[in-house]
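Thank you all for coming. I would like to go through the charged contacts of this structure, and then through its sheet.

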Amino acid sequence: MLNANDFAREYAKYYNTTIKEAKICCNSVFTLLGKILYEDGQGVGIYGFGSFVPVTTAPRRNKHPVTGEVTIIPERRVIKFRQASKTKKLP
């Protein structure tokens, strides 16, 4: 799995740019993606790749395996990714 620096290096190599410029570009895209998903609560669809959709999970019960104490896990927001059909066909 690539981390942010590895991704920027691959970007720089693929688009024949400097690593510094690639890091700026990648960071700005991921920052904007995070802002739209987390702060604005909107989904993002990228044609040919997939879509990111913020979803609120329902509160649920949890039972401690040792003590048997039941606790409630509150609702929370998560991001779900749905892969585009084009990318499902890739090797």
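Arg 9 is partly exposed, because its relative accessibility is 42%, where buried means under 20% relative accessible area, exposed means over 50%, and partly exposed is in between, with a 1.4 Å probe and protein chains only. What we are looking at is a predicted model, in which local features need pLDDT of at least 70 and side-chain atom pairs count only at pLDDT 80 or more, while totals for chains, interfaces and linings use all residues. Residues are numbered from 1 along each chain as its sequence is written, and side-chain values use heavy atoms, with hydrogens and water left out.

Which residue does Arg 9 form a salt bridge with? The partner is Asp 6, with the closest N and O atoms 2.7 Å apart, and a salt bridge here is a side-chain nitrogen of Lys or Arg within 4 Å of a carboxyl oxygen of Asp or Glu. Asp 6 is itself partly exposed, at a relative accessible area of 26%. The two residues, Arg 9 and Asp 6, are 3 residues apart in helix 1 (residues 4-15), so about one helical turn separates them; helices (H or I, at least four residues) and strands (E, at least two) are DSSP runs, numbered from the N terminus.

Helix 1 also holds Glu 10 and Lys 13, again 3 residues apart and separated by about one helical turn, and their side chains meet in a salt bridge at 3.6 Å, N to O. Glu 10 is partly exposed at 40%, whereas Lys 13, at 61%, counts as exposed. The search of the whole structure finds 3 salt bridges, and among them is the one between Lys 35 and Asp 40, whose closest N and O atoms are 3.0 Å apart.

Strand 2 (residues 50-57) pairs with strand 5 in the antiparallel sense over 8 bridges, and Ser 51 has Arg 82 in strand 5 as its bridge partner.

Key:
Pairing = 2+ DSSP bridges.
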